[in-house]
2 protein chains.
Amino acid sequence: MSESYPQVFQERPEVPDVVVSRLPQYVRTLSQLLSEGVQIANSQQLGEKLQITPAQIRKDLSYFGRFGKQGRGYRVDHLLEELKQILGLNVTWNVAVVGVGRLGRAILNYPGFTPDGFQLVAALDDNPSVVGQQVGGLTVLPVSHLADVVARYQVSIAIVAVPIAYTQQVVDRVVECGIQAILNYAPIMPQVPEGVNVRSIDPVLSLQSMTYYLANGVSPE
Amino acid sequence: MSESYPQVFQERPEVPDVVVSRLPQYVRTLSQLLSEGVQIANSQQLGEKLQITPAQIRKDLSYFGRFGKQGRGYRVDHLLEELKQILGLNVTWNVAVVGVGRLGRAILNYPGFTPDGFQLVAALDDNPSVVGQQVGGLTVLPVSHLADVVARYQVSIAIVAVPIAYTQQVVDRVVECGIQAILNYAPIMPQVPEGVNVRSIDPVLSLQSMTYYLANGVSPE
């Protein structure tokens, strides 16, 4: 995909990952504003919606060029399209789900992926009693089919929803099949080679960062 | 809880939320090192485990005082205990789960909360066919019982796992009952009054921040 954005890339060699991680929230908020008929939004208004300071918003966007005119706010449709292109959200990404337990089933039945450009194209599990079942419109395949599935459907992303004890070996398998983006649901941080991106969804980490505020009687910045 | 840390607080009035959000990962990594018998770790070693630069680690920890001796690394047990106390993880927090659909069931059966100090003490849902069921060892109660449950069990945190259409109203209800920390599973950002902390678990946002790297052919910083 990198061929599509060569000129953009010369201008922004290094964007901090925390900034990249915030951009999808910007996209979501801008989509919402657009659907409400809002055409121009300033960083104050975006900040209220996103619960981020206006200064932070201006700084984040500055990595990608000048989107707004001084004092006039951002054109919502323009900023939205630019951010979608920057994030690669103008195409559909094929996703394989590995692990079809209770959590995997919830994921496979989650309706939120498709409208946002993520197509769940395969469900895989090594439990013989699960293989062959229909879940979320897909027939569960054994994990040994992963390489085939990745090649056949041009899978770019894997969602790994297996127990802790199996997470590292499944992640290793996924990486061997050439996948470079992994969404991991287990509460461990798998080791991956450089160039492979893992995001972990872990409710405990989210809870633990909230107890800071509860314990100390302060509010988030 | 704020009474416990008065002297600490005078020294660190404002810690950026991104730093607070990283601390639980530090705690997890330090626990792992301790269980492996590691007594001293430098920021290089921690950085490799956490996939964060050593400079970032030193900067993050600097908000909370000097934990390490120059050039000698951190005492793992000491740093772990300090961070746990800072995060309020030296006590157990009672949690109510609102929404007992497929996702709520996965949450209620998730074994990872208890060892980390979060006790799921109530499950609530407004679907009459779900109320009264046993899920994860709890009897599902109607949402109208929420205020009672919060008072009786001293619930500090709510996990909200309801469909998008109901999320805002359920969050409003949770806030009315005095809860100030909410973990939200729906792919929207609910509006809450100042002082209430919401973390959203949203797989799409995580996926969308990974496509940035796929689309642009670069690796995270």
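**Salt bridges, aromatic pairs and the interface**

Author: Let us begin with A:R22 and A:D60, which are both buried, buried being under 20% relative accessible area, exposed over 50% and partly exposed in between, with a 1.4 Å probe and protein chains only. Please keep in mind that this is a predicted model, in which local features need pLDDT of at least 70 and side-chain atom pairs count only at pLDDT 80 or more, whereas totals for chains, interfaces and linings use all residues. Residues are numbered from 1 along each chain as its sequence is written, chains are lettered from A and ligands numbered from 1 in the order in which they are written, and side-chain values use heavy atoms, leaving out hydrogens and water.

Reader: OK, and what do the side chains of A:R22 and A:D60 meet in?

Author: They meet in a salt bridge, with 2.7 Å from N to O; the term stands for a side-chain nitrogen of Lys or Arg within 4 Å of a carboxyl oxygen of Asp or Glu. A:R22 belongs to helix α2 of chain A and A:D60 to helix α4 (residues 54-62) of chain A, so this pair ties together parts that lie 38 residues apart in sequence. Helices (H or I, at least four residues) and strands (E, at least two) are DSSP runs here, numbered from the N terminus.

Reader: How many salt bridges are there over all chains?

Author: The search of the whole structure finds twelve. One of them joins A:D77 to A:R75, whose closest N and O atoms are 2.9 Å apart. A:D77 is partly exposed, at a relative accessible area of 31%, and A:R75 is partly exposed too, at 49%.

Reader: And in chain B, what about B:D116 and B:R28?

Author: Their side chains form a salt bridge at 3.8 Å, N to O. B:D116 sits in the loop between α6 (102-108) and β4 (118-124) of chain B, while B:R28 is in helix α2 (residues 17-35) of that chain, so the pair ties together parts 88 residues apart in sequence. B:D116 has a relative accessible area of 30% and is partly exposed, as is B:R28 with 22%.

Reader: Switching to the interface, how many salt bridges go across between chain A and chain B?

Author: The rule finds two across that interface. The side chains of A:R28 and B:D202 make a salt bridge of 2.2 Å, N to O, and a network of salt bridges links A:R28, A:D116 and B:D202.

Reader: Which element gives the largest share of the side of chain A that touches chain B?

Author: That is α9(A), which contributes 14 residues. Several elements of chain A each supply at least two residues to that side, among them α2 (17-35), α3 (43-50), α5 (76-87), β9 (197-200) and α9 (203-216).

Reader: How much area is buried between chain A and chain B?

Author: About 6500 Å², of which 66% comes from carbon and sulfur atoms, where buried area is the accessible area (1.4 Å probe) that two parts lose on being put together, summed over both. In terms of contact, meaning heavy atoms within 4.5 Å, 71 residues of chain A meet 72 residues of chain B.

Reader: New topic: how many aromatic pairs are there over all chains?

Author: The search finds four. In one of them, the ring centres of A:Y110 and A:F113 are 4.9 Å apart and the planes are at 65°, so the pair is edge-to-face; rings of Phe, Tyr and Trp (its six-membered ring) pair if their centres lie within 6.5 Å, and planes under 30 degrees apart count as stacked, over 60 as edge-to-face and the rest as tilted. A:Y110 and A:F113 are both buried. B:Y212 and B:Y213 also pair edge-to-face, with 5.1 Å between centres and 85° between planes, and both of these residues are buried.

Reader: Last one: which residues of helix α7 of chain A are buried?

Author: In α7 (residues 146-153) they are A:L146, A:V149 and A:V150. They cover an arc of only 100° around the axis, taken from the directions from the helix axis to the C-beta atoms, which puts them on the same side of α7(A). The face turned away from that buried side carries the exposed residues A:A151 and A:R152. Among the elements covering the buried residues are β3 (93-98), β4 (118-124), β7 (155-160) and α8 (164-176) of chain A.

Reader: And what follows α7(A)?

Author: A:Q154 does, with a positive phi near 50°, in a residue other than glycine. A:Q154 is exposed, with a relative accessible area of 64%.
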